[in-house]
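Student: I would like to learn to read a fold from its computed features. Can we work through one case together?

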Amino acid sequence: MGVEERLQPVAQLKPELASLNMGSMNFGLYEMLDRYSEFKHDWERPYLAESDDRIFRNTFRDIAHILNTCAENRTRFEIECYDIGHLYTAAHFLKRGLLKAPIFIQSVFGLRGGIGGHPEDLAHMRRTADRLFGDAYQWSILGAGRNQIPLGTMGLSMGSHVRVGLEDSLWDGPGKLAASNADQVKRIRTVIEALGGQVATPDEAREMLDLKGQDKVNF
């Protein structure tokens, strides 16, 4: 899928927030073939098997084109950073003026091809983001698979936001599949409140991320 095709939902629907990867990367899911012998859908096995030869493309030109195209829509971005170099790419576009503060950095951990899921990896991401962006960013944690709740909890203790959901993990605890996104939201809410925090309201989130408001989308 080319950049123009990927761009169309944002260009046409003009959402408040959309995700944007800060670079091209290998994206390997093929190791899941060793964990499961049966699959529900015919497409699953070949999709996983072919991922050892798959690159997610987002060049500097692609990123600049997306940012320029969406500038008039006032769509802001969840800046997905799968490795340390992606933070430097975000800083590059902030310096060029194509990204505007506050930027919303989503640090992604535990996917093959990106940074690992070790606590030191998370701490390194935090230190680097603080050095590059100072107080000009909002930080969030995305831990893939089994990393979701442990790394989310660590991030929360360091002042981050956290993202959960079935796109990122199928689990609601060791060996227990989540029945819905709501299961994971309830679990992380328990963690947030146990740490003395509160879940932001939609209006509070819009203010933190400087979003344009629900009345300015095209859907």
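**Salt bridges, sheet and pocket**

Tutor: The structure holds 13 salt bridges. A salt bridge here is a side-chain nitrogen of Lys or Arg within 4 Å of a carboxyl oxygen of Asp or Glu. This is a predicted model: local features need pLDDT of at least 70, side-chain atom pairs count only at pLDDT 80 or more, and totals for chains, interfaces and linings use all residues. Residues are numbered from 1 along each chain as its sequence is written, and side-chain values use heavy atoms, with hydrogens and water left out.

Student: Which residue forms a salt bridge with Asp-130?

Tutor: Arg-126 does, and the closest N and O atoms are 3.7 Å apart. Both residues lie in helix 5 (residues 119-133), four residues apart, about one turn of the helix. Helices (H or I, at least four residues) and strands (E, at least two) are DSSP runs, numbered from the N terminus.

Student: Is Arg-126 buried or exposed?

Tutor: Start with the cut-offs. Buried means under 20% relative accessible area, exposed over 50%, partly exposed in between (1.4 Å probe, protein chains only). Arg-126 has a relative accessible area of 19%, so it counts as buried. Asp-130 is at 36%, so it is partly exposed.

Student: Where else can I apply those cut-offs?

Tutor: Take Asp-172 and Lys-176, whose side chains meet in a salt bridge (3.7 Å, N to O). Asp-172 is buried at 7%, while Lys-176 is partly exposed at 46%. Next, Lys-216 forms a salt bridge with Asp-215, with the closest N and O atoms 3.5 Å apart. Lys-216 is partly exposed at 41%, and Asp-215 is exposed at 63%.

Student: Which residues are linked in a network of salt bridges?

Tutor: Glu-78, Glu-80, Arg-163, Glu-167 and Asp-168 are.

Student: How do I read the sheet?

Tutor: Look for pairing: two strands pair if DSSP finds at least two bridges between them. Here five strands form an open sheet in the order 1-4-5-6-7, with parallel pairing. Strand 1 and strand 7 are the edge strands, each pairing on one side only.

Student: What does strand 4 pair with?

Tutor: Strand 1 (residues 17-21) pairs with strand 4 in the parallel sense over five bridges. Ser-19 stands opposite Glu-78 in strand 4. Four bridges join strand 4 to strand 5 (residues 103-109), also running parallel. There, Cys-81 stands opposite Ser-107 in strand 5. From strand 4 the chain passes through helix 4 (residues 84-96) to strand 5, a right-handed β-α-β crossover. Right-handed means that, with the strands pointing away from the viewer, the path from the first strand over the helix to the second runs clockwise.

Student: How many residues of strand 4 are buried?

Tutor: Six of its six, so to speak: strand 4 (residues 76-81) is mostly covered. Further along the sheet, strand 5 and strand 6 (residues 137-143) pair in parallel over seven bridges, and Ile-105 stands opposite Trp-139 in strand 6.

Student: What about pockets?

Tutor: Rolling a probe the size of a water molecule over the atoms shows where empty space is left. On a 1 Å grid over the protein atoms alone, a pocket is an open set of points where a 1.4 Å probe fits, with protein on both sides within 12 Å along at least five of seven lines; lining residues have an atom within 4 Å of a point. Of the 28 residues that line the second largest pocket, the closest to its centre are His-161, Val-162, Val-199, Ala-200 and Ala-205. Helix 8 gives the largest share of that lining, five residues.
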